[in-house]
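This report describes one protein chain for a reader who is new to structural analysis. Please keep the sequence and the model in view while reading.

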Amino acid sequence: MDAQSGDVPAKGTGRRGAAADEKILQAAKELFLADRYDGVSLERVAERAGLSRQTVYNRFGSKEAVFREMVRHHWSAFPEPDRQLVACEAGASAEEVLRGFAQALQRFAEETDQVRFAQLVVSESGRLPWIADEFYRLGKGPVVAAFAGRLDDLVRHGRLHCPDTYLAARQFMGLVQEFLVWPRVMAFEEETAVQPAAEVVIEEAVLSFLARYASGPAIRPSQPVAPSPHLYPAPVHSEDAP
């Protein structure tokens, strides 16, 4: 495989081949997440998958190709835009589209190994930069682009006033993931223990986004937002000190 192109070697088709690929990618996922890149070999992947090393080699060609395809397979669990969001053409409001996308981010983080994948990328990309490149190219990049496309739809239909939808898409994802993903990736136990509930994070993210980009009157929350505990105590000003 060309290490620069990221292309996966051509593989045979058919039910048997697809079943073998699924076993290989599942085994590779378990091993890479547990033992990082250098701790995994094609022999170990084959043993975990219950297949021969030659079968793994014939299907993918190299450990790097297995890793790249494993990343692609992981991100395939994130729903396509037409399934994760309400179509703008059907009359969805900006609030509904934003909430639907935020909930998709939440489910993906909770129902897959996204947190462990992100930890793997953080730990390995300093030494192997292509790992971070692939994680973005095969997953986060297309997700951002798809979401920015939905924001473009809302702008065209007059439901948002947003001059840079790519910037806005990243801003919204940051509002959600700063609470629901990154504290877990970084293992900030104290922060994750007291952070707001996911529903609160999502509603506040929607309201914050719409306060900046909504067209027309200010948006009021359609769902009640419960107060969240403070992570840090309020600062003590000098005039208040005893």
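With which side chain does the side chain of Thr165 make a polar contact? The partner is the side chain of Asp152, at 2.7 Å; a polar contact is a pair of N or O atoms within 3.5 Å, where, within protein, one must be able to donate a hydrogen and the other to accept it, and residues adjacent in sequence count only if both atoms are side-chain atoms.

## Basis of the report

The model is predicted: local features need pLDDT of at least 70, side-chain atom pairs count only at pLDDT 80 or more, and totals for chains, interfaces and linings use all residues. Residues are numbered from 1 along each chain as its sequence is written, and side-chain values use heavy atoms, with hydrogens and water left out.

## Overall composition

The protein chain has 12 helices and zero strands. Helices (H or I, at least four residues) and strands (E, at least two) are DSSP runs, numbered from the N terminus. Along the sequence, the pattern is α-α-α-α-α-α-α-α-α-α-α-α.

Of the 242 residues in the protein chain, 42% are buried. Buried means under 20% relative accessible area, exposed means over 50%, and partly exposed lies in between (1.4 Å probe, protein chains only).

## Aromatic pairs around Trp130

Rings of Phe, Tyr and Trp (its six-membered ring) pair if their centres lie within 6.5 Å; planes under 30 degrees apart count as stacked, over 60 as edge-to-face and the rest as tilted. By this rule there are 14 aromatic pairs. One of them joins Tyr37 and Trp130, with 5.5 Å from centre to centre and 85° between the planes, an edge-to-face arrangement. This pair links distant parts of the chain, 93 residues apart: Tyr37 is in the loop between helix 1 (15–35) and helix 2 (42–49), while Trp130 is in helix 8 (residues 129–156). Both Tyr37 and Trp130 are buried.

Trp130 also pairs with Phe67: the ring centres are 5.6 Å apart and the planes are at 80°, so this pair is edge-to-face. Phe67 lies in helix 4 (residues 63–75), and the pair again links distant parts of the chain, 63 residues apart. Why does Phe67 count as buried? Its relative accessible area is 1%, and Trp130 counts as buried at 18%.

## Other ring features

Ring pairs also link a cluster of residues, among them Trp75, Phe78, Phe101, Phe108 and Tyr213.

Tyr37 has a further neighbour in Lys63, whose charged end sits over the ring of Tyr37, 4.1 Å from its centre. A charge sits over a ring if NZ of Lys or CZ of Arg is within 6 Å of the ring centre and within 35 degrees of the ring normal.

## Helix 4 and helix 8

How do the axes of helix 4 and helix 8 cross? They come within 9 Å and cross at roughly 25°; axes are lines fitted to C-alpha atoms, for helices over the stretch in contact, and angles run from 0 to 180 degrees between N-to-C directions. The two helices are therefore roughly parallel to each other, given that angles under 35 degrees count as roughly parallel.

Met70 lies in helix 4 and, at 2% relative accessibility, counts as buried. The C-alpha atoms of Met70 and Glu22 are separated by 9.5 Å, although these residues are 48 residues apart along the chain.

## The loop between helix 1 and helix 2

Arg36 lies in the loop between helix 1 and helix 2. Arg36 counts as partly exposed, at 26% relative accessibility. Most residues other than glycine have a negative phi. Arg36 has a positive phi of about 65° although it is not a glycine.

Glu95 is in helix 6 (residues 94–111) and is buried, with a relative accessible area of 14%. The side chain of Glu95 makes a polar contact with the side chain of Arg99 at 2.6 Å. Leu98 also lies in helix 6 and counts as buried at 0% relative accessibility. Leu98 and Leu210 are 112 residues apart in sequence and 9.2 Å apart in space, C-alpha to C-alpha.

Thr165 is found in helix 9 (residues 165–180) and is buried, with a relative accessible area of 11%. In the loop between helix 8 and helix 9 lies Gly158, which is partly exposed, with a relative accessible area of 47%.

Terms used:
Parallel < 35°, antiparallel > 145°, perpendicular 65-115°, else oblique.
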